[in-house]
Amino acid sequence: MGFEKVWSGKRGGIQDKFKDALKPKTQLRNKIDSAVRALDLQKRKLDIALVSLREKDKHYYNKIIDSLRAYDRNRAALYANELAEVRKALRSINQAKLAIEQISLRLSTVKDIGDIVVTLAPAMSVIKSVRGSLSDILPQADNEFSTIADLLSSILVDAGQMGGITLNFSTANEEAERILKEAQAQVESEMKEKLPSVPGLEAEGIRF
């Protein structure tokens, strides 16, 4: 019986005596589906947070412009510092969202135990990194990402035991780093394209 057929639930004429052998694989698929739903829920929550931050970005940017028009450079610099913090949060949340999307997509398309292990090993590192980057910005998300990490760890252990596969954590960490760097590069490109630069404050040493 191929794993992919078990995965899709197409058992054909399998006799009852084989049902117990199929249960671990069915339970593994259910766990992965739960992980995908949890990741998608977090992505939606991050989208909500991004909407709020974009409104703050617009607010502080307009305050900077108004202050500069009033020749109040000190006030403009204060608002610029606030804007810099908002854009820092935007970068972190956008990067986390894109990384989560990658992990969710990969989990949704795994077909066998080997795929699960190859996908989940870097996913664990990605979730750990995302959790760390969001801990100060969205502290309420910390427990939820911790729960997701525990679920992925459980799936990884089950899959490794079922397939007799030894994990290569060095390769997994390299893949996780690649996922995060790709997300970061995409975020930087989108922010440069979509968010206006701050006029007249380049010399203040504030990174937007």
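The text below takes the helices, then the core, then the aromatic pair.

This is a predicted model, in which local features need pLDDT of at least 70, side-chain atom pairs count only at pLDDT 80 or more, and totals for chains, interfaces and linings use all residues. Residues are numbered from 1 along each chain as its sequence is written, and side-chain values use heavy atoms, with hydrogens and water left out.

The chain has six helices and zero strands; helices (H or I, at least four residues) and strands (E, at least two) are DSSP runs, numbered from the N terminus. Buried residues, those under 20% relative accessible area with a 1.4 Å probe and protein chains only, make up 38% of the 208 residues.

A nonpolar core is a set of buried Ala, Val, Leu, Ile, Met, Phe, Trp, Tyr and Cys residues joined through side-chain atoms within 4.5 Å. In the largest one, which has 53 residues, L107 and L152 touch the most other members.

The largest share, 14 residues, comes from α3. Beyond its neighbours within four places in sequence, L152 is in contact (heavy atoms within 4.5 Å) with A35, L107, L120, A123, M124 and I127.

The structure holds one aromatic pair. Rings of Phe, Tyr and Trp (its six-membered ring) pair if their centres lie within 6.5 Å; planes under 30 degrees apart count as stacked, over 60 as edge-to-face and the rest as tilted. Y60 and Y79 form a tilted pair, 6.3 Å centre to centre with 40 degrees between the planes. Y60 lies in helix α2 and Y79 in helix α3, so the pair ties together parts 19 residues apart in sequence. Both Y60 and Y79 are buried.

Notes
Buried < 20%, exposed > 50% of the residue type's maximum accessible area, 1.4 Å probe, protein only.
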